[in-house]
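Hi,

Here is the structure I promised to pass on.

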Amino acid sequence: CSIVYTSGSTGTPKGVEMTHESYCTTAVNLNAYLPSVLADPKGAVLMFLPLAHSFARAINYIVVASQIRAYISGSFKTLLSDLQYARPTAMIAVPRVYEKVYNAASQKAGHGWKGYVFAHSVKNACAYMNEIGKNGHPSFHTTVMHTAYDAAVYSQLRDVLGGRAKWLVCGGAPLDPQLLSFFRGAGIPLYEGYGTTETVTACCLTPSHMYKAGSIGLPFPDTYIKIVEPGTDRELPYGQEGEILLSTLIEQGREWLKTGKEKLIATSQAIQNDDYATITYTSGTTADPKGVVLTHRNYTSNVEQALTRITIPEGWRTLIILPLDHCFAHVAGFYTMMSYGASLGMVPSGKSGKEALRNISPSIQELKPSVMLSVPTLAKSFKKNIETTISKKGKTVEKLYNFALRNAIAYNKEGY
């Protein structure tokens, strides 16, 4: 049927042979997968991808096999007007498209009172979704504010997208979780999916009646998902180290508890406070490195003391920049945060120290942590990088930065 070349974003570009059966199977399966969207004779899909793209070609087949019609956007410059013309009920796009819609709304709001309202509507939409995910429903206050913002902001944003959206999919790259949460909270049915050229785009998609934050959905019909060893094509045997879904891990734990609960209780009761938990080596900055024997009570007593001094909301996220064998990373990073139910994130170690340092900034951008565990050297490095960037923006920006820094120090009254 066709040879489609990959983009080269994940490896050397290569031509992939696509058969008639591949495209037709995708088209037929998706119609069965999303009947409420594709069986609507008044429905429409707006396409942004180049028509030589595997996903765009698959959409063409899907439209022919469904009852909806297809519109093709001219370019990013005409995106907003194209949305008004097509008024799509379905849309498949990359993160850049949804970022453009968000940025356009933010710029239109400006920096005055409209900007203030928009900024708080974003916070409310995210809180609305977070509370639903955590408690099953939003709080009364969040619901009241959500109703107010829906009339003032969310409804207008839905109108920007044509006002008829039923199923919007983002693929090609991860979408910022906060942006996804905002769109969902604003009543815009945005989902994530995953696929490759070799699979005729769709591997996993989220049905319109199902949504779970952070998920790319369910395996597509007639698609088999397997986990392989990194750098090879060898499928990992069950239980061998590799990536695994949290839901699968929880289910495995439940199955194990059916027969192993008594063993777990007996093991936990056999552990005494003074039993050794680990041997941690000092860094050698103040003296020769030495191994320090730490008991379970050493850890738990520190956590108990920390709980009397700090309060960590359950929804907070912690980024641990320290090495995972560092004592502070153990106590403050893991045990204290776990006791509050906070989320944990760790910087990828990389193949060298320099690579690990380069991974810090992307990790911060991805996780957007509420708490970070670091050391003075890294803090000084952050400050130096910020000042280097500021100095490149000219004397005016540099003066504003120094004024803001002095003001922050005076306000804090404790210096750095």
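**Salt bridges**

Searching the whole structure turns up 6 salt bridges, meaning a side-chain nitrogen of Lys or Arg within 4 Å of a carboxyl oxygen of Asp or Glu. Before the details, some housekeeping: this is a predicted model, where local features need pLDDT of at least 70 and side-chain atom pairs count only at pLDDT 80 or more, while totals for chains, interfaces and linings use all residues. Residues are numbered from 1 along each chain as its sequence is written, and side-chain values use heavy atoms, with hydrogens and water left out.

One of the salt bridges joins Lys368 and Asp176, at 3.2 Å from N to O. Lys368 sits in the loop between helix H13 (360-367) and strand E14 (371-373), and Asp176 in the loop between strand E6 (167-170) and helix H8 (177-185), so this pair ties together parts 192 residues apart in sequence. Helices (H or I, at least four residues) and strands (E, at least two) are DSSP runs, numbered from the N terminus. Lys368 is partly exposed at 34% relative accessibility, and Asp176 is partly exposed too, at 27%. For the cut-offs, buried is under 20% relative accessible area, exposed is over 50% and partly exposed is in between (1.4 Å probe, protein chains only).

Glu255 is partly exposed at 38%, whereas Lys258 is exposed at 64%.

Glu304 and Arg297 also pair up, at 3.0 Å from N to O. Glu304 has a relative accessible area of 40%, and Arg297 has 33% relative accessibility.

Which residues of helix H4 (residues 79-86) are buried? They are Leu79, Asp82, Leu83 and Ala86. These residues cover an arc of only 105 degrees around the axis, so they lie on the same side of H4; the arc is that of the directions from the helix axis to the C-beta atoms. The buried residues of H4 pack against strand E3 (44-47), strand E4 (69-72), strand E5 (90-93), H5 and H7. Just after H4, Arg87 has a positive phi of about 45 degrees.

Val101 is in helix H5 and is buried, at 2% relative accessibility. Setting aside neighbours within four places in sequence, Val101 is in contact (heavy atoms within 4.5 Å) with Leu80, Leu83, Leu157, Val160, Leu161 and Phe183.

**The second largest pocket**

This pocket has a volume of about 430 Å³. It is lined by 15 residues, and the closest to its centre are Ala105, Lys108, Ala109, Ala152 and Gln156. Helix H5 (95-109), helix H6 (113-135) and helix H7 (140-160) are the elements that each give two or more residues to the lining. A pocket here is an open set of points on a 1 Å grid over the protein atoms alone, where a 1.4 Å probe fits, with protein on both sides within 12 Å along at least five of seven lines; lining residues have an atom within 4 Å of a point. Grid points are joined across faces, edges and corners, and the volume is the space filled by probe spheres set on the points.

Cheers
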